[in-house]
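Have the structure open while you read.

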Amino acid sequence: MSDKWTPRIVVFQCQYCLYSEADQKWMDTQLPPHIKLIQVPCTGRISPLFVLNAIQGGTDGILISGCQPEKCHYKEGNLGARRQLDAFRRFLTYLGLEEGRIRFAWIDVSERGRIQQELAGLEKTIQAMGPITRLATRAIPVGEKR
Amino acid sequence: MNSLTLAIRQEAARLLEEKIVDVVIGFEAGTLPLKAQPAFITRKEEAEKLVFNGFCQNNLAAYLTRFPKEKRLGIICRGCESRAVRALVIEHQHDRDKLYLIGVPCTGIIDWRKIERRVGENTLQAREEGDEVIVTTRDGEHRFRRADVLHDSCARCLHPNPVGADIVLGDPLPEGDPERAWAPVLEFEALPPEERYAYFVQETGRCIRCYACREACPMCYCTECFVDHTAPRWTESMITPGGTQAWHIVRAFHQAGRCVSCGACERACPMDIKMTYLVDKLSYDMMQQYGFEVGASDEKQPPFAAFTLDDRNRFVR
């Protein structure tokens, strides 16, 4: 693998996710180009199909960020999402996907700077693993033009 | 003819005569040996057509959602079917008081593929005698032990007795062995990831996207399946690796906490794709994490529908 490889990362973010203002601004304006931000109304909106499509399309790492359990804008949207997406991640691991490619962050407004930490942590794990190979059926191999 | 078939015919005739139900869903002899087919009986005289044996492959609960809610249905229910009916009633697919469940303890379904692999395709006749299956071909008679030719899902069946039936015909059977039931999942999980992925790719690679597994499944009743959507198109609709893998992953995932492990999907598959190991993993997780088993209770919602704040410390990362 070439030295120039940078992991492709997708962040699913709940739009009510209580990032502190500075963090949200950073997310909106200063996100590095290899990280794609997808805002959803609530983590409950994230169908496992979104995650699967991202993986099949060649995403090396996925971060799903949502609110703390009792802080959901829609009262219980994130509770359902937590059960579903956690089970889905375990299911993909069962099928041979490396553990650690999908990561969750349940962030509170007081945790300033945590999102940057989580992204850095995910990137470090992915760097160690290398590009995604399993389940990424629609991915363009590393080195070819995107 | 076995005594169970007789009892079923009598009961079906009685239900239709006393106008307790409009339709009795059961099995009749198919045009081929080894394969009985579903029958929908509406007149008492037709009840004579009903049969019940180990060659009844379908899960009859799959037909429950195809009738309007006003219809009163009588369904011949083995263990898996009765659990599927329960799950469907919890999901408001039919009113329980419009259903009459004729429970039958089940000794397992015979896998015609296992027999075909042993004797070839020229089966002329097949019958059961106690613990034996007797198959007549042009070469003569072959005898098999039932246990050797049972369908895999039936061999590891946990609950062969019907739950919540209105009447139970036949004697109750001993419950299955959980260790045996979960062995395939645990064995698969113990393999290295690359082997697991290779197996998954090999199995899904044969898929022709006929969706027979979906049609056979009692829990797959969506009026529009995610693979039939064209806008937005959720998955590739061709038989590309991406398309077939997405179909098998998401089909299984939609069954999480709902699958009754009847194995009807595998029996329906024309390409003989193994797929129960997928849903069984999810059922296993649901049992380990939430203590949920399909059909164990009359009112408990499946885990993805019943979430609480008690979960708060369950998912750390």
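## Polar contacts and salt bridges

Between chain B and chain A, 10 residue pairs are in polar contact, with both residues at pLDDT 80 or more. Keep in mind that this is a predicted model.

How many salt bridges cross the interface of chain B and chain A? The rule finds 3. One salt bridge joins the side chains of B:Glu194 and A:Arg134, at 3.7 Å from N to O.

## Chain B's side of the contact

Which elements of chain B give two or more residues to the side that touches chain A? They are helix H6 (178–190), helix H7 (193–204), helix H9 (241–254) and helix H11 (276–290).

Sort the residues on this side of chain B by class and you get 25 nonpolar, 5 polar and 10 charged ones.

## The whole interface

Now zoom out to both partners. Chain B brings 40 residues to the contact, and chain A brings 34 residues.

Putting chain B and chain A together buries about 3,400 Å². Carbon and sulfur atoms give 64% of that area.

## A hairpin in chain B

Next, find strand E6 (residues 123–129) and strand E7 (residues 132–137) in chain B. These two strands pair in the antiparallel sense, over 6 bridges. If you want a spot to check, B:Arg127 stands opposite B:Ile134 in E7(B).

What do E6(B) and E7(B) form? They make a hairpin, with 2 residues between them. In the turn sits B:Gly130, which has a positive phi of about 60°.

How values were computed. Residues numbered from 1 in each chain as written. Chains lettered and ligands numbered in written order. Predicted model: local features only at pLDDT ≥ 70, side-chain atom pairs only at ≥ 80, totals over all residues. Heavy atoms only, no water. Contact = heavy atoms within 4.5 Å. Buried area = accessible area lost by both parts, 1.4 Å probe. Salt bridge = Lys/Arg side-chain N within 4 Å of Asp/Glu carboxyl O. Polar contact = N/O pair within 3.5 Å; in protein donor to acceptor, adjacent residues only side chain to side chain. Helix = DSSP H or I, 4+ residues; strand = E, 2+ residues; numbered from the N terminus. Nonpolar A, V, L, I, M, F, W, Y, C, P; charged D, E, K, R; others polar. Pairing = 2+ DSSP bridges.
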